[in-house]
Amino acid sequence: MKYDVIIIGAGFAGSVLARQFAEDNKKVLVVEKRDHIGGNMYEKTMENGVRVHLYGPHIFHTNSKKVLDYLKQFAGFFFYEHRVVGYIDGNFVPIPFNFKSLEILFDEKEANEIKEKLLKAYPDTKKVSILDLLDNQDETIKRFGQFVYEKVFVHYTAKQWNIPIEEVDTSVINRVPVLLGYDDRYFQDTYQYMPKNGYNEIFENMLNHKNIEVKLSTDAKEVISVDTETKKIYFNKEEYQGIVIYSGALDELLNYSYGPLDYRSLNLVFENKEENYYQPNSVVNYPNDEKFTRITEFKYLSNQIVKDHTTILKEYPLTYDYKNPDHVPYYAIFNEKNLNLYQKYYDSVKEIPNFYLCGRLAEYKYYNMDAVVLKALDLYEEIKGVK
Ligand SMILES: Cc1cc2nc3c(=O)[nH]c(=O)nc-3n(C[C@H](O)[C@H](O)[C@H](O)COP(=O)(O)OP(=O)(O)OC[C@H]3O[C@@H](n4cnc5c(N)ncnc54)[C@H](O)[C@@H]3O)c2cc1C
């Protein structure tokens, strides 16, 4: 078969693009190195019947109606607002830290004073970043900021990134707000849903199209090669002039020629339990006491009724070793060294005709699922007319 488009990776980036081209009557080949589609959203059903997210918990939330409507073509969704608690000083308290968390951890008089001052200092906003609290001139607010920084952020982040806190990118710190009120939802996006029968169904339906062929358990390098000197692409050893979209890691495709990009990985430990529920919430963060960062209990996320059985996941942060086949590159580490390195890889492929990068690995970015769907839809619009 002659393919108009070759796509590497069957996560959201690759699958959305494959579907878009297929709808336009283009013949598409999707090459995926794992033995399943769905990228990091893939779900597996455990022996006890509980569906788990094999690559860590994925909660769908977006402000984009376009993304939600697009995905709804492929699966049903149920309303789900995510709530997280942190285990702090022996208590389960809402995360992000809100007024309820404050009331649990401070005595009434102090909690009232802090709440009053916060509302006065930030009258027009529902959330404020820890950085802003730390910069506040008022001693009470500043001290409160330091408390949250220490109890919620410092140890959790140090565990997760394994670098001194000063080296953590401020965008990461800014992702941890304090909510000025009693809203205890983890996300404040307009649309918060989970797929009714799990994520796999979305991908199965998206890729189920007469113009799409999926080749599983096949690494990109088994079928394509990229010559950065001549700017040519080869498919099965023959020069290929159709469109190639790559959603894997760029350093890997180019044989780590400038050295590997750094990532944080995770050791994901699943445990089946013979009880109805293990913990009070879908996710409990452990900012201080344990070696793992959080425990997820999947029954809360899947809305499944499985009597007397449940499955939990403990996430132990891990340094990523690109030579270890069991390691998954989860979180890109945004520092000057890595961004410069990525730029070198990018510069060496950017002029290759009809070769496009899309997705969290290929672009070395952190994308939520909705952002990557949008990115793929936008890329399609940009290149659909390319011959
Ligand atoms: C632990 C964790 C939790 C997350 N939780 C959330 C969340 O709650 N909500 C949210 O919106 N987002 C979440 N995300 C982000 C989400 O995972 C990404 O937005 C999404 O995975 C991006 O899709 P993608 O297609 O770019 O990448 P991926 O899903 O990683 O897909 C890339 C695919 O390409 C394949 N591939 C790579 N290299 C090759 C190769 N050489 N040959 C063949 N195939 C290859 C991979 O096997 C993979 O299947 C989370 C991310 C992590 C790491």
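Tyr234 stands opposite Glu239 in S15. This is a predicted model, in which local features need pLDDT of at least 70, side-chain atom pairs count only at pLDDT 80 or more, and totals for chains, interfaces and linings use all residues. Residues are numbered from 1 along each chain as its sequence is written, and side-chain values use heavy atoms, with hydrogens and water left out.

Strand S14 (residues 232-235) pairs with S15 in the antiparallel sense over two bridges. Strands here are DSSP runs of E with at least two residues, and helices are runs of H or I with at least four, both numbered from the N terminus; two strands pair if DSSP finds at least two bridges between them. The open sheet has three strands in the order S13-S14-S15, with antiparallel pairing. Because strand S13 (224-227) and strand S15 (238-239) are at the edges with a single partner strand each, one side of each has no neighbour in the sheet.

The ligand is surrounded by 34 residues, counted when a heavy atom lies within 4 Å of it. The closest are Glu32, His58, Ile59, Tyr367 and Met369. The table gives polar contacts, which are pairs of N or O atoms within 3.5 Å.

| Residue and atom | Distance to a ligand oxygen atom |
|---|---|
| Glu32, polar side-chain atom | 2.6 Å |
| Ile59, backbone N or O atom | 2.7 Å |
| Arg360, side-chain N or O atom | 2.9 Å |

On its own the ligand has 990 Å² of accessible area, and the protein covers 97% of this; the areas come from the Shrake-Rupley method with a 1.4 Å probe. Helix H1 (12-23) and helix H13 (369-383) are the elements that give two or more residues to the shell around the ligand.

Conventions: Polar contact = N/O pair within 3.5 Å; in protein donor to acceptor, adjacent residues only side chain to side chain.
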